[in-house]
Amino acid sequence: MLPRPTVFIETYGCQMNVSDTELMLGKLTSAGYDAVDVPDGADVILLNTCAIRDHAEQRVIGRLGELKRHMKPDSVIGVTGCMAQRLGPRLLEQAKHVSLVIGPDGYRELPSLVDGARRGVRVAATRFDLEEHYEDFTPRRFDNVKAWIPVQRGCDYKCTYCIVPTTRGSERSRKLADVVRETQQVVADGMTEVVLLGQTVNSYFDGTHDIADLLRAVGTVPGIRRLRYTSPHPNDFSDRVIAAMAETPTVCEHVHLPMQSGSTRTLKRMLRRYTRDGFMECVARLRAAIPKLVLTTDIIVGFPGETEDDFAETLSACREIGFMDAFTFKFSAREGTPATRMPESEMVPDDVAGERLQRLVDTVRAMSRDVNFGLLGSRHEILIEKPAKRGELLQGRTRDYRTILVPGDKSLIGSYMHVEITGTTGHTFTGAPVANRMALPLAG
Ligand code: SAH
Ligand code: SF4
Ligand code: F3S
């Protein structure tokens, strides 16, 4: 019998791409391929790419050059995901050793496209399919502790800096019943945590059910202990959603709430559709309903026209809100987006953006450092996720998304543990196991 052909997929970008890679691997393994962990010697090599910033694309270009030297003469290289969608046939012209370019809605045809490419047919498949959710695919998951479940594809917001509406097309939601069925499967496979994914996940609407219905339905699937969702848009936090969060005990006390800027003027130019006050009000409503809520965010600095005063408002908003963490980015001009058409004179020089980025990182870190030192000695339930990068430790997460490193055997991965925080770098924590006393009545 001939050996099964092998496939290697390298993933860039956001969790949506990780989830798509899981779907692609599921599809290809069921079509007769074996998944391998290294590109060397693989019959099929796919880069599942991101187009969000120029840097993300440059990494892929560099990697494609590198792979050219490592590929077997008869192996096939393909580019999938957002950069594939953005560049389409241009990629085939630019990189002659690439034979497949497949956008995010084209993975259903993956086995036949790959077979074709192995016979020498080069194609770019970048048609959107607004019905596509890959319902009949069985994802081959990387993570066996928490399951990433896509509930929505595409995006209907049109933030002026953002390429995602171009690379992922219009927003569409999976049916609630399909998401619930996948959640039940995940529990049957031994997982207890689920993260629902969408670009503006709280605008989820399947024609009948909204995200509030979805949180309640998924959050009460027997066996689920933790439910998260990412990323919500501030404008889609209806009272119903907030109530569903507060009233569903499995929904964790953490929200990743992208702010992008603290300046109303900049937010307007970004077409974020909320003001600084609107964002603050959203935070206040969430915190009123979920008192222990922890917030993280995304922020862009150096958006065209951002003045020092605008940036100062971003810093003050961070101080006012106290994010536990922030993903911070320098604005990157993306071809075809409205921000690239803003006057040249408004472009923020790279050194100014770089300096703002540093001040922003310092501000966020200083805030969370103070909070984190205050947590020494406190007790938490963590889910053990994986071995820590350093030492013999394991990495666990609290419900509110803090990382705690604890000693222990790898067999504990996937289980819950009660720990006391014994140390902190200011960012991550170390902890020691304690007996679960939380359920006992208070002494005295
Ligand atoms: N849908 C999510 C964001 C997805 S992209 C949301 O709206 O919240 C992840 C982050 O990348 C964004 O929140 C933004 O902070 C950043 N980003 C997007 N486009 C960018 C660009 N052109 N330059 C720099 N950062 C960008
Ligand atoms: Fe991009 Fe805005 Fe859509 Fe997020 S909401 S994916 S930032 S267009
Ligand atoms: Fe990147 Fe596409 Fe995600 S552009 S951030 S991989 S949706």
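So, let me start with a contact between two helices: R276, F279, M280, V283 and R287 in helix 11 meet E313, S316, A317, E320 and I321 in helix 12. If you sort the residues of that contact by type, you get 5 nonpolar, 1 polar and 4 charged. Before I go on, please keep in mind that this is a predicted model.

How do these two helices pack? Helix 11 covers residues 276–289 and helix 12 covers residues 308–321, and they sit at an angle of about 10° with their axes 12 Å apart. Angles under 35 degrees count as roughly parallel, so that's what we call helix 11 and helix 12: roughly parallel to each other.

Another pair to look for is I300, opposite F329 in strand 14.

Which sheet do they belong to? It's an open sheet of 3 strands in the order 12-13-14, with parallel pairing. Strand 12, at 254–256, and strand 14 are the edge strands, each pairing on one side only. Ignoring direction, neighbouring strands here are turned by 10° against each other on average.

For one of the pairings, take strand 18, residues 416–424, and strand 19, residues 429–433: they're antiparallel, over 5 bridges.

Okay, ligands. What surrounds ligand 3? You'll find C14, N17, C50, A51, I52, C82, R168 and Q199. By type, that shell has 5 nonpolar residues, 2 polar and 1 charged.

And ligand 2? Around ligand 2 we have C155, Y157, C159, Y161, C162, V164, P165, Q199, T200 and R272. That shell divides into 7 nonpolar, 2 polar and 1 charged. Q199 turns up in the list for ligand 3 and again in the list for ligand 2, in case you want to look at them together.

Next, a residue in helix 1, which spans residues 15–30: V18. Which residues does V18 touch, once you leave out those up to four places away in sequence? The answer is T11 and F142. V18 and F142 are 124 residues apart along the chain, and their C-alpha atoms are separated by 8.7 Å.

Last, a couple of backbone details to zoom in on. The peptide bond from T230 to S231 is cis, with omega near -10°. S231 is in the loop between strand 11, 226–230, and helix 9, 239–247. Then there's Q260, which isn't a glycine but has a positive phi of about 70°. You'll find Q260 in the loop that runs between strand 12 and helix 10, 264–270.

Notes
Residues are numbered from 1 along each chain as its sequence is written. Chains are lettered from A and ligands numbered from 1 in the order in which they are written. This is a predicted model: local features need pLDDT of at least 70, side-chain atom pairs count only at pLDDT 80 or more; totals for chains, interfaces and linings use all residues. Side-chain values use heavy atoms; hydrogens and water are left out. A residue is near a molecule or strand if one of its heavy atoms lies within 4 Å of it. Ala, Val, Leu, Ile, Met, Phe, Trp, Tyr, Cys and Pro count as nonpolar, Asp, Glu, Lys and Arg as charged, and the others, Gly among them, as polar. Two strands pair if DSSP finds at least two bridges between them. Helices (H or I, at least four residues) and strands (E, at least two) are DSSP runs, numbered from the N terminus. Axes are lines fitted to C-alpha atoms, for helices over the stretch in contact, and angles run from 0 to 180 degrees between N-to-C directions. Angles under 35 degrees count as roughly parallel, over 145 as roughly antiparallel, 65 to 115 as roughly perpendicular and the rest as oblique. Contact means heavy atoms within 4.5 Å.
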